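Reader: I have not seen this structure before. Could you take me through it?

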Amino acid sequence: MTLHRLSDLTWEEVGALDLDRTVAILPVGATEAHGPHLPLDTDVTIAEAMAEAGARRLSALGLELVLLDGLRYTPAAFAASFPGTIDVGVATLTALLTDIAAGLQRAGIATLAIANAHFDPANLEALHAAAAAIGEGASMRVVFPDVTRRPWGGRLTEEFRSGACHAGQYEGSILLARDPGRVREETMRGLEDNPLSLSDAIRAGVRDFSEAGGDRAYFGHPSQATAEEGRATIEALGSILAEAVSETLGETLGEAPTEDRKS
């Protein structure tokens, strides 16, 4: 696989890429409360795992994949009352994304894929607004598979589909697969289930975790998280990203290379 991290390259190395066959992938997460057991950058960790898994699959198309550093300061109003959460404005993120895309365009990169793992409504609003603005005039291809929408979300776990999935089994499993040393596992195994659907609460007009019934900033079934589920979910997320990119480029994916990194 030809996977480059943009921050590791020199400007001449970027210029030497086959730019017509280059896809930049931007992981998007947040710095926000994820229960008493997961780190504040949980969403960033998940987004980076999605980006890398998608890149492995896209390598079968002979593309150059450029992985950008993950965005970790995004709208996070639902968790804003919890210490450590950083909440930025929708306009701030929208402007930042359009400026990032402009920089990529100046380098000759014409495709930007967004791997998002943060589902605060304001963050999704900013991502969709930015994607629309960047794609105006078809000067740059923007790929944003929003897993909160069809058809993508139906391919993820039962807990994810229930909407009770913030710092629960879904996210805890991915962290156990990706970075188990940062999970407070003893605390996690002792947490009671919180099956209240955050997505239902959002539709009802609720505006923060506590009001939705998440006084400790988690929803779902954290004690049931497993690394095995996490590895399967990462591959599902990577498949979603890769398929969205390949559809945009009009190319057909083959089998994904096997992941050989041990967690």
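Reader: Where should I begin with the contacts in the protein chain?
Author: Of the contacts in the protein chain with a separation of 6 or more, 79% are between residues 24 or more positions apart. Please keep in mind that this is a predicted model.

Reader: And how many helices and strands are there in the protein chain?
Author: The protein chain contains 10 helices and five strands.

Reader: What about its radius of gyration?
Author: The protein chain has a radius of gyration of 18 Å. A compact globule of 263 residues would have a value near 18 Å, so the two agree. Along the principal axes, the C-alpha atoms fill a box of roughly 50 × 40 × 35 Å.

Reader: What share of the residues is buried?
Author: Buried residues are 52% of the 263 in the protein chain. The chain exposes about 11,600 Å², and 48% of that area comes from carbon and sulfur atoms.

Reader: Let us change topic. Where is His-118?
Author: His-118 lies in the loop between strand E4 (111-116) and helix H4 (121-135).

Reader: Is it buried or exposed there?
Author: His-118 has a relative accessible area of 1%, which is under the 20% cut-off, so this residue counts as buried.

Reader: Which backbone oxygen does the side chain of His-118 reach?
Author: That of Pro-75, at 2.6 Å. Beyond its neighbours within four places in sequence, His-118 is in contact with several residues, including Val-28, Asp-43, Thr-74, Pro-75 and Leu-124.

Reader: One last point: how far apart are the mean positions of the positive and negative charges?
Author: For the 21 positive and 39 negative charges of the protein chain, the mean positions are 2 Å apart.

Definitions and conventions:
Residues are numbered from 1 along each chain as its sequence is written. This is a predicted model: local features need pLDDT of at least 70, side-chain atom pairs count only at pLDDT 80 or more; totals for chains, interfaces and linings use all residues. Side-chain values use heavy atoms; hydrogens and water are left out. Helices (H or I, at least four residues) and strands (E, at least two) are DSSP runs, numbered from the N terminus. The radius of gyration is taken over C-alpha atoms; the globule rule is 2.2 Å times the number of residues to the power 0.38. Buried means under 20% relative accessible area, exposed over 50%, partly exposed in between (1.4 Å probe, protein chains only). Contact means heavy atoms within 4.5 Å. Accessible areas come from the Shrake-Rupley method with a 1.4 Å probe; for residues, only the protein chains shown count as cover. Lys and Arg count as positive and Asp and Glu as negative; His and the chain ends are not counted. The place of a charge is taken as NZ of Lys, CZ of Arg, CG of Asp or CD of Glu. A polar contact is a pair of N or O atoms within 3.5 Å; within protein, one must be able to donate a hydrogen and the other to accept it, and residues adjacent in sequence count only if both atoms are side-chain atoms.
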